[in-house]
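Let's take a walk through this one together, starting at the surface and ending up inside. Keep the viewer open as you read.

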Amino acid sequence: MPPAITIKNLTKIYEPRKGAEKVALDDVSLEIPKGSFFGLLGPNGAGKSTLINIIAGLVNKTSGKVEVCGIDIDKDLRKAKYHLGVVPQELILDPFFTVREALEFHAGYYGIPKSQRKTDEIIKALSLEDKKHTSSRRLSGGMRRRLLIGKALVHNPEVLILDEPTAGVDIELRQSLWEYAKKLNKQGTTIVLTTHYLEEAEQLCDEIAIINHGKIVAHDKKKTLLKKLNNKRIVIHTQKNPEKVPPSLKSYNPVMPDDNTVEIRYNPEEIEICDILKDIHDSGLKITDLVTQDTKLEDIFLQLTKAA
Ligand SMILES: Nc1ncnc2c1ncn2[C@@H]1O[C@H](COP(=O)(O)OP(=O)(O)OP(=O)(O)O)[C@@H](O)[C@H]1O
Ligand SMILES: [Mg+2]
């Protein structure tokens, strides 16, 4: 079974209007396994949308190869697109259709027979029931995004690609959207998403790639990626804000963000937690609470993207 997406040596150079040309993707190779919930993360301008829009046939690549479910987009873009549902970052909609009409029309475009359409299921999953007869131009930004997501789903694609799907979407919908995405993923749909909400990626994705300046700087199963840094933290909540680092804790280089907390990061393979607890006890701090936390995706993300 071929992977959901195969990318080989993909480069994209945007030709300059004025000034220098922009290398948005620099020799990127990536495989997205079938059935995965895949997160593509990176700072603004890293190349995420460029990558997604090339897969979707919306942007021409400069060089390299892209396959969707084993179909080379250069050989049969139409067939490749049939396997794909893409929600682009830009909100582009035909303003004259109502929500329901837009979904029905789109399903028709893909040749889905009326009896097999999921229009009402999609409307319900995206909480658009009370807007289904409203024309697109009267929808709020968040609702337009929901409709775009709906449009990407009408033909039951094997691979669903979401570029910043929750930008501008309220918390309630964000949650119901993820429930629906998880359900689709359980049924076998591969989900690829870009998001700036790292917690979202951490919760949802089983595999993650981090892109920076057009290059993949990390790609692994989420668990492996999180293990790589292998650092944990202890957050000590104190009664008063400590004025300076207590001598017994100096060697840990703690972070003191000025909000009655002291944060110690440590590598559990190198340091025993008992030793740290003893040093915390010896510090004389008046402790009100103490929490340990595992490495966050955010730490890895910042480490990999801030220096460059
Ligand atoms: N049409 C274009 N013409 C020229 N340069 C472009 C064009 N589209 C994107 N770029 C540039 O290519 C780089 C990658 O942009 P891209 O939109 O892929 O980033 P992104 O990772 O999606 O960022 P964001 O998180 O802000 O959505 C940026 O430097 C951007 O300015
Ligand atoms: Mg983008």
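Start with isoleucine 287, which counts as partly exposed at 38% relative accessibility; buried here means under 20% relative accessible area, exposed means over 50%, and partly exposed is in between, with a 1.4 Å probe and protein chains only. Isoleucine 287 sits in strand β13, where helices (H or I, at least four residues) and strands (E, at least two) are DSSP runs numbered from the N terminus.

A word on what you're looking at: this is a predicted model, in which local features need pLDDT of at least 70, side-chain atom pairs count only at pLDDT 80 or more, and totals for chains, interfaces and linings use all residues. Residues are numbered from 1 along each chain as its sequence is written, chains are lettered from A and ligands numbered from 1 in the order in which they are written, and side-chain values use heavy atoms, with hydrogens and water left out.

Back to the surface. Isoleucine 287 belongs to a nonpolar patch together with Ile273, Leu277 and Leu290, and the four have about 290 Å² of accessible area together. The elements giving two or more residues to that patch are α9 (273-282) and β13 (287-293). Patches are built from residues with over 30% relative accessible area and no salt bridge, joining like charges within 9 Å and nonpolar side chains (Val, Leu, Ile, Met, Phe, Trp, Tyr) within 5 Å. The areas come from the Shrake-Rupley method with a 1.4 Å probe, and for residues only the protein chains shown count as cover.

Now zoom out for a moment. The chain has 10 helices and 13 strands, and its C-alpha atoms fill a box of roughly 70 × 45 × 45 Å along the principal axes. Of its 308 residues, 48% count as buried.

Next, find ligand 1. It has 13 residues around it, and Asn44, Gly45, Lys48, Ser49 and Thr50 come nearest; a residue counts as near if one of its heavy atoms lies within 4 Å. By class, this shell has 4 nonpolar, 7 polar and 2 charged residues. (Ala, Val, Leu, Ile, Met, Phe, Trp, Tyr, Cys and Pro count as nonpolar, Asp, Glu, Lys and Arg as charged, and the others, Gly among them, as polar.) Both β2 (22-32) and α1 (48-55) supply at least two residues of the shell, and α1 gives the largest share, with 3 residues.

Which atoms reach the oxygen atoms of ligand 1? From glycine 45, a backbone N or O atom lies 2.8 Å from a ligand oxygen. From threonine 50, a side-chain N or O atom is 2.5 Å from an oxygen atom of ligand 1. Glutamine 89 also places a polar side-chain atom 2.9 Å from a ligand oxygen. Taken alone, ligand 1 exposes 640 Å², and the protein buries 64% of that.

On to the charged pairs. Side chains of opposite charge can pair when their charged atoms come close. The structure holds 13 salt bridges, each a side-chain nitrogen of Lys or Arg within 4 Å of a carboxyl oxygen of Asp or Glu. In one of them, lysine 215 meets aspartate 26, with the closest N and O atoms 2.9 Å apart. Lysine 215 lies in strand β10 (residues 215-221) and aspartate 26 in strand β2, so this pair ties together parts that are 189 residues apart in sequence. Lysine 215 is partly exposed at 41%, and aspartate 26 is partly exposed at 28%.

Another salt bridge joins lysine 34 and glutamate 158 (3.3 Å, N to O). Lysine 34 is in the loop between β2 and β3 (37-41), while glutamate 158 is in the loop between α5 (141-153) and β7 (159-163), 124 residues apart. Lysine 61 pairs with aspartate 74 as well, at 2.7 Å between the closest N and O atoms. Salt bridges that share partners also join Arg233, Glu263 and Arg265 into one network.

Finish inside, in strand β9 (residues 207-212), where you'll find glutamate 207. Is glutamate 207 buried or exposed? Glutamate 207 is buried, with a relative accessible area of 7%.

Note on methods:
A polar contact is a pair of N or O atoms within 3.5 Å; within protein, one must be able to donate a hydrogen and the other to accept it, and residues adjacent in sequence count only if both atoms are side-chain atoms.
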